[in-house]
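Have the structure open as you read.

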Amino acid sequence: MKPRLRHVAELAGVSQATVSRVLNGKAGVSETTRREVLRALNQLGYEPVGVARARRRGLVGLIVPELDNPVFPRFAQAIESRLANEGLTTVLCTSTPAGMVESDYLEVLLDHAVTGVILVSGLGADTTAVDDHARYLDLLARGVAAVLVNGAPTGLPVPSVTVDHATAARQAVGHLAALGHRRIGLAIGPRRYLPSIELTEGYRQGLAEARHDDELVSETLYGIEGGHAAAVQLLARGATGIVCGSDLMAMGAIRAIREQGLSVPGDVSVIGFDDAGPNPYVHPPLTSVQQPFEAMAQAVVQLLGEQPLGDRDVPHLRFRPELVVRATTGPARVPAVDATG
């Protein structure tokens, strides 16, 4: 196994951040500590900064979780085209539980001496994967530029680009509230992920702004099946409007609504998130909160080219989404009045 940043830190008796500072020639490290780190680097055979970049400057690894969800091919396409304009070649890696995982791909990319790595919704978005976050520091220490997309842990000194998930949920709730909906549900994926946490925060903010008190949250999976299961739960709790954490979840929610003999948007309104797929062409066309893919991709490539950052503050850019209203949202149905009462 090739030595990693944590191995050097353990041998030298210092933190990984200190090792990174030595490798990048930053100030703030005593001469004694610097010598200990250099001794550990030499003993473990850790590849010095700049070697990988000098070997091959034209390859950039792009790691995405899957290709079934249209949001990830959409990001890949936008990023790849901009990398090509910079004379860089994209190596697309799909990290799935059934195949190679993120850490495996990082090993392969390092072996191929890539000049940069872009991780879209990677382990950085998983709050339970703290031990894996050190791998990103390892990239920077080896002179490999890195950018995290939609998944940057607080305090990690790696440049990031993300959409404002909280604003997305707040926009969706506000739209439904303006249409007269009072029982508004939220269908999200596992709450260990940063986007789920932020979507929930924005949902609550939207309810507060609309002066609605009832929280209706269903945590399932980011996919059609997850959206279906969430909608069944939320409909049982009286939801007339459902905000979904992805467009795929929205598709599943619509199917569940129809299975119960209800209509969209006549009985229940549905809003998706991402707006990466053929939303204008499904029936009915899906209302969704759109990520600004082109602007985010441009920022990703720009940040990749600006590294190493030296002693400058590490940039974390947050982009505002846009609500795209189509035909799956409509006015809340007014309950019929019992004339015999």
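Contact here means heavy atoms within 4.5 Å. This is a predicted model, where local features need pLDDT of at least 70 and side-chain atom pairs count only at pLDDT 80 or more, while totals for chains, interfaces and linings use all residues. Residues are numbered from 1 along each chain as its sequence is written, and side-chain values use heavy atoms, with hydrogens and water left out.

**A loop residue**

Let's start with Asn69, which sits in the loop between strand 1 and helix 5. Helices (H or I, at least four residues) and strands (E, at least two) are DSSP runs, numbered from the N terminus. Asn69 counts as buried because its relative accessibility is 8%; buried means under 20% relative accessible area, exposed over 50%, and partly exposed in between, with a 1.4 Å probe and protein chains only. Setting aside neighbours within four places in sequence, Asn69 touches Leu248 and Asp274.

**Helix 10**

Helix 10 covers residues 224-236, so to speak 13 residues in all, and spans 19 Å from its first C-alpha to its last, close to the 18 Å expected at 1.5 Å a residue. That expected span is 1.5 Å times one less than the number of residues. Which of its residues are buried? They are Gly226, Gly227, Ala230, Ala231, Leu234 and Leu235. Viewed down the axis of helix 10, the buried residues fall within an arc of 155 degrees, so they line one face of the helix. The arc is taken from the directions from the helix axis to the C-beta atoms. As background, an α-helix has 3.6 residues a turn, so residues three or four places apart point the same way.

The face of helix 10 turned away from the buried side carries the exposed residues Glu225 and Ala236. Over on the buried side, the cover includes strand 6 (184-188), strand 7 (216-219), strand 8 (241-244) and helix 11 (247-259). After helix 10 comes Gly238, with a positive phi near 90 degrees.

On a 1 Å grid over the protein atoms alone, a cavity is a set of points where a 1.4 Å probe fits but cannot get out, and a pocket is an open set with protein on both sides within 12 Å along at least five of seven lines; lining residues have an atom within 4 Å of a point. Grid points are joined across faces, edges and corners, and a volume is the space filled by probe spheres set on the points. The count comes to 2 cavities of 30 Å³ or more.

| Space | Volume | Lining by class |
|---|---|---|
| Largest cavity | about 60 Å³ | 3 nonpolar, no polar, 4 charged |
| Second largest cavity | about 50 Å³ | 9 nonpolar, 2 polar, no charged |
| Largest pocket | about 920 Å³ | 19 nonpolar, 10 polar, 5 charged |

For the classes, Ala, Val, Leu, Ile, Met, Phe, Trp, Tyr, Cys and Pro count as nonpolar, Asp, Glu, Lys and Arg as charged, and the others, Gly among them, as polar.

The largest cavity is lined by Arg4, Leu106, Glu107, Leu110, Arg135, Asp138 and Leu139. Helix 6 (102-111) and helix 7 (134-141) are the elements giving two or more residues there.

Residues lining the second largest cavity include Ala168, Leu186, Val243 and Phe273. Helix 8 gives the most to that lining, with 3 residues.

As for the largest pocket, 34 residues line it, and Pro65, Glu66, Phe72, Ser121 and Tyr193 lie nearest its centre. Helix 5 supplies the largest share of that lining, 3 residues.
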